[in-house]
Amino acid sequence: MPSTRDIRRRIKSVKGTAQITKAMQMVASSKMRKAQQAALQGRPFAALARELMDHAVLGAPDFTHPLLEVREGGRTALIVVGTDKGLCGALNANLFREVGRYDPARTVFLAVGKKAAQFLARTRRNLVAEFTYADTPTYGQSQAIATAAAELFLKGEVNQVEVLYTRFINTLSQKPDVHRLLPMVDPAERAAARTGARPEYLFEPSAAEVIGTLLTYELTFQVGQLLLEARASEHSARMVAMKNATENAQQLIKDLTLEYNKMRQANITKELLEIATAQMALG
């Protein structure tokens with residue numbers, strides 16, 4: 001049975017832990033708001049980029065591009081977007097569980113984030129590239145990932161490129177999701193699915209050249225938006241995890257304090273009984 005000294009030491013230790021988790025919660029909360037805002041603001045831009053591609057394709061119905069080439073079978077490249085740090089609840093565990101759905105013999109992996117790279121290396125999967133990205137992903141970081149994926153696809157080493165990331169839903173909910181990056185969804189299919197009046201555009205030098213350039217930019221924009229979604233999910237999950245840890249520590253402190261007070265009261269009662277007994281014995 002622990003003594004009162006042991007309980008005091010444990011209370012002091014838990015209080016220190018609670019201070020740390022509280023500080024981490026505040027830092028994550030600050031970063032979370034910025035990341036959520038960036039992810040939500042990026043969605044209309046990504047939608048507008050896709051809409052622009054839809055309109056552009058109407059001016060070049062016979063347009064073809066290697067990034068749109070659909071090839072059956074073959075290997076798949078999976079870009080796994082994890083985190084650089086832990087302490088974000090089950091975010092990475094839920095994400096890495098989805099990796100098990102892919103056949104290691106028919107899949108090559110690109111890791112984004114240190115945790116993803118460590119997991120892929122630990123599970124002895126075919127890791128061909130590793131990337132990091134900042135709290136606010138830059139265009140250059142997105143472009144490096146998109147370029148590496150495009151090179152694998154254009155060289156014929158893989159026939160599909162997919163991105164496994166955590167989609168941001170809200171502060172309390174983040175869901176692992178898979179986005180097909182290559183072959184890019186044919187803009188002609190998207191344009192044919194749209195109905196209603198469309199504005200007319202005049203392209204110089206030609207619609208085909210404009211679309212060919214826009215495809216590479218749209219590929220980078222897609223990767224950038226997925227990184228924003230993953231970062232918003234990470235900070236949200238970490239804030240919630242640290243908040244729960246702080247609350248658990250505070251509850252544990254209350255329980256330990258109650259136990260300490262009970263033990264202290266019992267010791268006082270015992271000492272009083274011993275004094276009374278001794279006094280009675282002395283007459």
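Does arginine 101 count as buried or exposed, and at what relative accessibility? At 66% relative accessibility, arginine 101 counts as exposed. The model described here is a predicted one.

Arginine 101 pairs with glutamate 98 through their side chains, in a salt bridge with an N to O distance of 2.6 Å. Glutamate 98 has a relative accessible area of 22% and is partly exposed. Side chains of opposite charge can pair when their charged atoms come close.

## Salt bridges around arginine 231

The structure holds ten salt bridges. One of them joins aspartate 135 and arginine 231, whose closest N and O atoms are 3.8 Å apart. Aspartate 135 lies in the loop between strand 3 and helix 4, and arginine 231 lies in helix 6, so this pair ties together parts 96 residues apart in sequence. Aspartate 135 is partly exposed, at 36% relative accessible area, whereas arginine 231 is buried, at 3%.

Arginine 231 also meets glutamate 234 in a salt bridge (2.4 Å, N to O). Glutamate 234 and arginine 231 are three residues apart in helix 6, and therefore about one helical turn separates them. Both of these residues are buried. A network of salt bridges links Lys31, Asp84, Asp135, Arg231, Glu234 and Arg238.

## Packing of helices 2 and 3

Helix 2 (residues 91-99) packs against helix 3 (residues 114-122) at an angle of about 45°, and their axes are 11 Å apart. The two helices are therefore oblique to each other. Helix 2 passes helix 3 in a right-handed crossing.

Helix 2 contributes Asn92, Phe96 and Val99 to the contact, and helix 3 contributes Lys115, Ala116, Phe119 and Leu120. By class, five of the contact residues are nonpolar, one is polar and one is charged.

Notes. Residues are numbered from 1 along each chain as its sequence is written. This is a predicted model: local features need pLDDT of at least 70, side-chain atom pairs count only at pLDDT 80 or more; totals for chains, interfaces and linings use all residues. Side-chain values use heavy atoms; hydrogens and water are left out. Axes are lines fitted to C-alpha atoms, for helices over the stretch in contact, and angles run from 0 to 180 degrees between N-to-C directions. Helices (H or I, at least four residues) and strands (E, at least two) are DSSP runs, numbered from the N terminus. Angles under 35 degrees count as roughly parallel, over 145 as roughly antiparallel, 65 to 115 as roughly perpendicular and the rest as oblique. A crossing is left-handed if the near helix is turned anticlockwise from the far one by less than a right angle, and right-handed if clockwise. Contact means heavy atoms within 4.5 Å. Ala, Val, Leu, Ile, Met, Phe, Trp, Tyr, Cys and Pro count as nonpolar, Asp, Glu, Lys and Arg as charged, and the others, Gly among them, as polar. A salt bridge is a side-chain nitrogen of Lys or Arg within 4 Å of a carboxyl oxygen of Asp or Glu. Buried means under 20% relative accessible area, exposed over 50%, partly exposed in between (1.4 Å probe, protein chains only).
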